Amino acid sequence: MRTIFFILRKEFKQIFRNPMMVKLIVALPIVQLIVLANAATMDLKNINLAIVDNDLSTISRQLVSKFEGSPFFTITYRDFSEKNAQESVALNQSDAILIIPTNFQKDLLKENTAKLQFSVNAINGMSAGIINYYMQSIIIDFNKKIIPEWKAPTSDMKKIKNISITYAHWFNKELIFNIFMVPGILAVLVTIMGMFLPGLNLVREKEIGTIEQINVTPIKKYQFILGKLLPFILIAFFELSLGLLVGVPLFNVPVIGSYFVLYSVAGIYLLAILGIGLLLSTFANTQQQLMFLSYFVLIIFILMSGIFTPTESMPKWGQMINYINPIYYFMKSLRMILLKGSGFSDILPQIYALSIYAVLSISLAVSRYKKTI
Amino acid sequence: MVKVENLTKTYDKGSIKALKNINLSVEKGELFGLIGPDGAGKTSLFRILTSLLIPDSGTAQIMNYDCVKDYKEIRKITGYMPGKFSLYQDLSVEENLTFFASVFGTSVEENYYLIKDIYTQIEPFKKRLAGKLSGGMKQKLALSCALIHKPEILILDEPTTGVDAVSRKEFWDMLKKLKKEGITILVSTPYMDEASLCDRIALIQNGEILSVNEPQNIINQFNRKLFAIRASNMYQLMQDLKRFENLNTVFLFGQFVHFTSNNREILESDIYSFLELNNHSDIFIQEIEPTIEDCFMEFAKVENSFEKH
């Protein structure tokens with residue numbers, strides 16, 4: 001026990017003697033949260049719309065004014081030429097075109113049906129989908145109102161029962177993307193700390209050669225590994241706390257679940273991810289090799305974990321990869337605890353998976369670390 | 001104290017033979033030198049003895065503890081100083097010493113008497129980071145750290161490489177004092193002139209031990225006449241001597257060429273006339289006493305080796 005204490009004291013001295021390290025520990029969570037949570041947003045607040053109204057009728061103007069009144073749309077362009085409107089999309093002045101053909105009102109009143117055309121700039125498929133969804137919902141809404149207003153009420157009309165669907169977005173009522181992103185970024189933050197730092201620290205000893213002197217001492221393998229693990233678990237917990245302290249009030253993230261559950265799961269997850277970092281470090285002889293190796297593993301795990309995109313919409317094989325992706329389990333638990341208020345019983349599968357991971361990766365790392373060269 | 005039997009170590013799946021069937025024994029309290037050029041196998045042997053490397057075959061023992069099986073005991077009784085400075089550069093002198101004392105389960109105070117002479121020289125800089133020390137001071141700190149747990153045997157891998165002449169001399173004086181404390185010392189060096197400071201030496205080259213003996217005995221075994229030769233054109237001198245009948249060894253040694261012949265009765269005048277015949281001028285020839293380096297060359301039979309110093 002005393003030996004571990006001496007090793008820990010040495011590790012902490014070395015960590016805090018590195019001025020870069022201290023700055024990084026404080027700056028990383030704050031910068032990541034502020035930049036990523038704000039920038040990596042899927043919300044579309046301002047869609048530039050080009051309108052080609054060839055009808056210029058009362059109804060077509062009502063439709064246009066609907067778009068004008070929407071907070072999501074700004075009319076940037078009005079013309080009678082479809083070609084000019086397309087040009088404005090090409091010049092990036094508009095994101096979408098709405099074309100109202102001549103005789104729109106006439107067809108609607110006489111034939112009960114009329115046609116409209118949207119064209120959406122789909123360079124970014126994700127935002128194109130969202131624009132399409134917004135436009136459709138405005139038109140459906142418009143459609144519902146137009147029928148009773150312009151059609152003479154008949155006896156049949158009264159019999160028509162409208163099925164109206166109302167919906168509520170649970171756990172994130174206004175679908176604010178930040179609230180979804182903050183737990184995700186916290187998960188990535190903890191991951192980076194856990195995966196890179198202890199591994200790099202260990203490989204540095206190999207690179208500089210200090211490991212040769214350590215290996216001839218009676219220090220036991222588990223003591224040495226523990227000396228590398230514990231300081232970084234503490235630092236990662238500090239990072240998580242700092243992230244919560246800054247992120248929760250800044251983005252109004254509701255914390256519904258308990259902090260106790262949150263930190264317990266984070267603790268298990270850290271053991272797992274630190275174990276992986278140390279395991280990878282046993283394959284590398286230089287910090288450069290380890291950086292490449294960790295980056296390779298990390299980028300796949302992070303992007304597959306569901307930080308930006310729902311894992312359910314990934315192809316089957318992608319979802320299979322996530323069975324061995326510890327970040328996936330942690331990301332899911334973190335969001336469930338913070339936004340949904342899940343307790344231990346709700347995230348048991350995740351806790352089991354992470355625990356197995358922790359035991360496996362640390363025991364593999366200890367057994368692979370050799371005190372010989 | 002140390003017993004090495006038929007020790008073999010290869011690297012890269014046997015393609016590089018670092019140690020070939022080595023046999024060696026070191027007595028208790030001895031200051032034993034392992035002398036040989038870079039790549040001779042000195043570091044491999046030391047790493048096996050300190051349990052850092054596992055040999056392919058053969059056995060190595062220290063105080064009857066096997067270096068593979070009893071590695072835990074080996075690590076307690078040996079003090080090892082690797083060839084490359086391996087202390088924590090971002091810890092201070094004092095912190096390094098305290099750390100290594102504590103992981104060996106002892107304290108600096110307990111064995112301070114052992115390192116006192118060495119440590120007092122670097123004590124004024126005890127708050128300085130180890131990485132900021134000069135080469136000589138680094139060696140002293142490394143020696144202090146290797147000694148702090150009062151080992152039975154000190155294994156020092158090229159402790160004086162890259163250290164200035166004054167520090168080298170001081171270092172050897174320290175080893176002599178430690179020897180008086182009863183500590184067995186196994187030291188390797190590429191510097192032949194340090195060989196005479198050891199009780200016994202082993203000459204090692206290409207993974208093979210050429211000879212083990214007291215330095216003076218090794219010199220006494222040298223049973224040829226050795227000549228130091230100089231002329232105005234040294235390069236041409238080397239080339240011509242290589243064509244000399246009954247040539248044994250010829251190699252550059254400082255500003256002279258050291259020359260031996262297979263003809264044990266050879267005279268200075270024989271060489272002189274040969275060189276004059278080959279149009280050399282300012283010829284200087286003198287028969288000299290051999291040094292360890294000459295003996296090494298004799299054993300190694302390396303012709304025309306350009307010695308680096």
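1. The side chain of A:Gln105 reaches the backbone nitrogen of A:Ile59 at 3.5 Å. A polar contact here is a pair of N or O atoms within 3.5 Å; within protein, one must be able to donate a hydrogen and the other to accept it, and residues adjacent in sequence count only if both atoms are side-chain atoms. A:Gln105 belongs to helix α5 (residues 104–111) of chain A, and counts as buried because its relative accessibility is 15%. Buried means under 20% relative accessible area, exposed over 50%, and partly exposed in between (1.4 Å probe, protein chains only). Helices (H or I, at least four residues) and strands (E, at least two) are DSSP runs, numbered from the N terminus.

2. On conventions: this is a predicted model, in which local features need pLDDT of at least 70 and side-chain atom pairs count only at pLDDT 80 or more, while totals for chains, interfaces and linings use all residues. Residues are numbered from 1 along each chain as its sequence is written, chains are lettered from A and ligands numbered from 1 in the order in which they are written, and side-chain values use heavy atoms, with hydrogens and water left out.

3. The largest nonpolar core has 130 residues, and the members touching the most others are B:Phe100, B:Leu143, B:Leu154, B:Leu156, B:Leu178 and B:Ile185. Helix α8 (residues 177–208) of chain A gives the most to this core, 17 residues. Such a core is a set of buried Ala, Val, Leu, Ile, Met, Phe, Trp, Tyr and Cys residues joined through side-chain atoms within 4.5 Å. Apart from it lies another core, of 28 residues, including B:Ile74 and B:Ala202.

4. B:Phe100 has contacts (heavy atoms within 4.5 Å) in both chains: among them are A:Gln213, A:Ile214 and A:Thr217, and also B:Leu87 and B:Cys145, not counting residues up to four places away in sequence.

5. B:Ile209 sits in strand β10 (residues 208–213) of chain B and is partly exposed, because its relative accessible area is 23%. With residues up to four places away in sequence left out, B:Ile209 touches B:Ile22, B:Asn23, B:Leu24, B:Ala202, B:Leu203 and B:Ile204.

6. Chain B has ten helices and 14 strands, and 53% of its 309 residues are buried. Its domain assignment (bounds from an automatic or database assignment) gives domain 1 (2–219) and domain 2 (223–289). The C-alpha centres of these two domains of chain B lie 39 Å apart.
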